[in-house]
Amino acid sequence: MEKIEDNQKQEINCKIENLKKSPVFAMSLGSHELFHSNFWQWLINHNTEYSKVFFSEISDVSSVIREQKNRDLTIWTKDKKAYVIENKLKSMPCEAQLEIYQADLGQQFTKGCLAGITDLHSKSSDWKYLSYKDIGNRIIEKAGTYEKNEFEKNLIIEYGNTIIALYDILTNFTQKFSNKLIANSDIPEKIKEIRLDDIVKKLNGDMFAQYLQPIKEKLETLIKGESATKVVVQSWYSNKSSVIDVRFIKNDKDLKDKNDKAPNRIVIGIEIQGGQYRILAERKTKTINKKDKSYCEKVFEEFKKAEWFYNYKGEKVILGKPTSLSNEFNRYEQKSGNESDYHCVYQYWNIEEWSFEYLASQILQDMEKAAKIITKIS
């Protein structure tokens, strides 16, 4: 077993060294997803046979368009059929987004392709997953058949080999962390050297957000009948780390600020980022006086009274867990004097147990408490 793991490690390290030497990979580092989508567009414009890499049944291609109504790639045929490619190298597909794309195209929508590293499934059978590895292999096969110019042939084959290596490296690493969140200390220097650590962390965060979907369903039952309240589970990437966010949002036209009658939004939930497990609360309301520092203090005191926040006086421990929190709470807010202003406060402790199972259990426990609070606060 150890010998197999050593061989796999050697193979991956070899692929990393090859990527470091690849001019194609170097060009892709500016913006991974944009680069690959642009290259696919060039390939199909160069020879429409490359459209069959993504859709084997396609024929009579007339054009391929980037970012048409936010779709990564839209391939149009002469009989006005639309085939859509969504490049999901760094993220999971959003079902609502896919539905919008289909609705916008109407009967012209024929088929969709979700290109990525992890197995991307859509609820709709109109979308299929295609791995970067399969894309690379198919491109190499097409290049061997159709390319006569040696320079272009070699360039295209190198591109195919590059994304196969990219897939192998990222898959090898993300599979090792398929059941736990990745800490910064978990990422090898070799991954950082080829600047793939951001993708690794983003994919891992998305995997955890997917893991939390059953919990989202449980939480939705807790607010059944609360028409103004919804559950959101999401992940994104910010400040060189993934962010996992689970929250209740109460957002209703009847919620008004007592001072200025502006529409109000209340948020309560959990946020995980950079090794911190955060309990947060937020109110969104128009700021009357941008110099007034009391907005966040009011939010904190309101939710502390509701027993969401803890009585913390700098002891460096919350609920027996270590924290580096200096003040009673941290904040981030926007105070521009318009109705999009928000005032968010949070406390946190440092994560010591990184497994999906443990963190999901903690989130469920805390969000059950949050459900009782959000139904009472207005």
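Which residue forms a salt bridge with Lys 15? Select Lys 15 and Asp 168: they form that salt bridge, with the closest N and O atoms 3.1 Å apart. Here a salt bridge is a side-chain nitrogen of Lys or Arg within 4 Å of a carboxyl oxygen of Asp or Glu. Lys 15 sits in helix α1 (residues 2-21) and Asp 168 in helix α6 (residues 150-176), so the pair ties together parts that are 153 residues apart in sequence. The structure holds 20 salt bridges.

Before moving on, a word on the model: it is predicted, with local features needing pLDDT of at least 70 and side-chain atom pairs counting only at pLDDT 80 or more, while totals for chains, interfaces and linings use all residues. Residues are numbered from 1 along each chain as its sequence is written, and side-chain values use heavy atoms, leaving out hydrogens and water. Helices (H or I, at least four residues) and strands (E, at least two) are DSSP runs, numbered from the N terminus.

**Stop: the sheet**

Now colour the strands. Five of them form an open sheet in the order β1-β2-β3-β4-β5, with mixed pairing; two strands pair if DSSP finds at least two bridges between them. At the edges stand β1 (61-68) and β5 (127-131), each with a single partner strand, so one side of each is left without a neighbour in the sheet. On average, neighbouring strands are turned by 25° against each other, direction ignored.

Zoom in on β1 and β2, which run antiparallel and are joined by six bridges. Their hairpin has two residues between the strands, and Lys 69 there takes a positive phi near 50°. Next, pick Trp 76: this residue of β2 is the bridge partner of Ser 63, and its bridge partner in β3 is Ala 82. Strands β2 (residues 71-77) and β3 (residues 82-88) pair in the antiparallel sense over four bridges.

Contact means heavy atoms within 4.5 Å; axes are lines fitted to C-alpha atoms, for helices over the stretch in contact, and angles run from 0 to 180 degrees between N-to-C directions.

**Stop: helix α11 and its partners**

Select α8 (residues 197-211) with α11. Their axes come within 11 Å and cross at roughly 55°, which makes α8 oblique to α11. Angles under 35 degrees count as roughly parallel, over 145 as roughly antiparallel, 65 to 115 as roughly perpendicular and the rest as oblique. Show the side chains of Asn 204, Met 207, Phe 208 and Tyr 211 in α8, which meet Phe 356, Glu 357, Leu 359, Ala 360 and Ile 363 in α11.

To see the contact, show Ile 215, Lys 218, Leu 219 and Leu 222 of α9 together with Ala 360, Leu 364, Met 367, Glu 368 and Ala 371 of α11.
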